[in-house]
Amino acid sequence: QSHSQDQSLDIPKTRFEDIGGQSHAKKELQEALDFLIEPKQTEHYGIRPLKGILLSGPPGTGKTLLAKAAAHYTHSVFIHASGSEFVERYVGVGAKRVRELFERAKKAAKKARVSSAILFIDEIDVIGGKRDGSQQREYDQTLNQLLTEMDGITTNVEVQILVMAATNRKDLLDDALLRPGRFDRLITVDLPDRSARLKILELHTHPKPLANDVQLEKVAEETFGFSGAQLESLSNEAAIYAMREKSKEVTQKHLMLAIDKVMMGERIDRETSE
Ligand code: ATP
């Protein structure tokens with residue numbers, strides 16, 4: 001087994017404090033997760049286990065980070081998969097992959113000697129989307145397998161599995177996924193507001209040599225509509241500008257240039273994908 005594969009089985013180091021903004025999402029998520037930490041309590045009250053949490057929001061807003069922080073918070077191993085991995089030409093292969101994924105999660109938790117695993121499925125809409133005919137049979141089997149696995153999650157087992165899924169298009173999801181006992185907790189993640197943008201900029205520029213003239217408040221003000229991922233990219237681009245100029249520090253000018261650069265890049269991406 002390769003080293004990188006082993007790493008993916010670890011408990012992530014991401015903490016909720018490493019995520020800028022999203023205070024609402026963080027709070028809701030922490031509340032939902034407390035059952036994993038207090039299984040005795042939930043059992044005492046006869047509360048059925050939480051099986052699925054759906055994170056919904058625009059790209060790059062920290063959904064993956066939230067899922068990793070959830071794993072860190074609950075001391076769970078983190079298994080990452082993407083909905084598109086299950087799309088196969090042959091009927092049944094997707095379903096088999098789903099079964100294997102749950103197996104892998106259990107094994108990983110045992111190997112790490114922890115009692116829970118968080119299975120994160122990005123782009124869940126690819127397998128859990130509303131039906132439109134063409135590839136129906138294959139998609140149905142994959143989705144059904146996922147639902148079967150989730151229905152099979154009970155308490156009092158050696159490894160408690162929690163499925164966290166993410167989508168940018170909740171409107172496309174099949175209602176079957178959102179029924180109680182499945183993804184019955186929906187957490188909405190939004191684009192960061194100004195103060196969240198400032199926090200995210202602080203997080204990502206912290207390891208960089210910032211000049212005294214830098215006003216991150218100003219950068220936060222000028223980046224309306226930016227996602228966390230774009231702010232991370234901006235921080236990186238600014239440092240690249242500084243390095244190219246052989247400037248020892250990242251200045252306000254570099255940051256402002258980086259805003260344009262990130263905006264420009266997005267525009268080019270959009271034009272080429274249309
Ligand atoms: P996608 O829907 O495209 O998969 P996502 O919502 O899962 O995106 P992440 O993968 O969590 O987004 O974020 C991508 C990167 O953007 C992170 O690794 C991080 O560097 C940065 N980022 C995004 N949101 C935040 C945030 N709230 N705080 C700090 N960094 C963030």
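Reader: What covers the buried residues of α8?

Author: This is a predicted model, in which local features need pLDDT of at least 70 and side-chain atom pairs count only at pLDDT 80 or more, while totals for chains, interfaces and linings use all residues. Residues are numbered from 1 along each chain as its sequence is written, and side-chain values use heavy atoms, leaving out hydrogens and water.

The cover of the buried residues of α8 includes α9 (216-221) and α10 (228-244), contact meaning heavy atoms within 4.5 Å. Helices (H or I, at least four residues) and strands (E, at least two) are DSSP runs, numbered from the N terminus. The buried residues of α8 are Ala 196, Arg 197, Leu 198, Ile 200, Leu 201 and Thr 205; buried means under 20% relative accessible area with a 1.4 Å probe, protein chains only. Helix α8 has 12 residues (194-205), so at 1.5 Å a residue it should span 16 Å, and the 16 Å between its end C-alpha atoms agrees. The expected span is 1.5 Å times one less than the number of residues.

Elsewhere, five strands form an open sheet with parallel pairing, in the order β2-β3-β4-β1-β5; two strands pair if DSSP finds at least two bridges between them. At its edges, β2 (77-82) and β5 (185-188) each pair on one side only. Within the sheet, six bridges join β3 (116-122) to β4 (160-167) in the parallel sense, and Ala 117 stands opposite Ile 161 in β4. Helix α4 (63-74) packs on this sheet, where it touches β1, β2, β3 and β4.

Terms used. Buried means under 20% relative accessible area, exposed over 50%, partly exposed in between (1.4 Å probe, protein chains only). Axes are lines fitted to C-alpha atoms, for helices over the stretch in contact, and angles run from 0 to 180 degrees between N-to-C directions.
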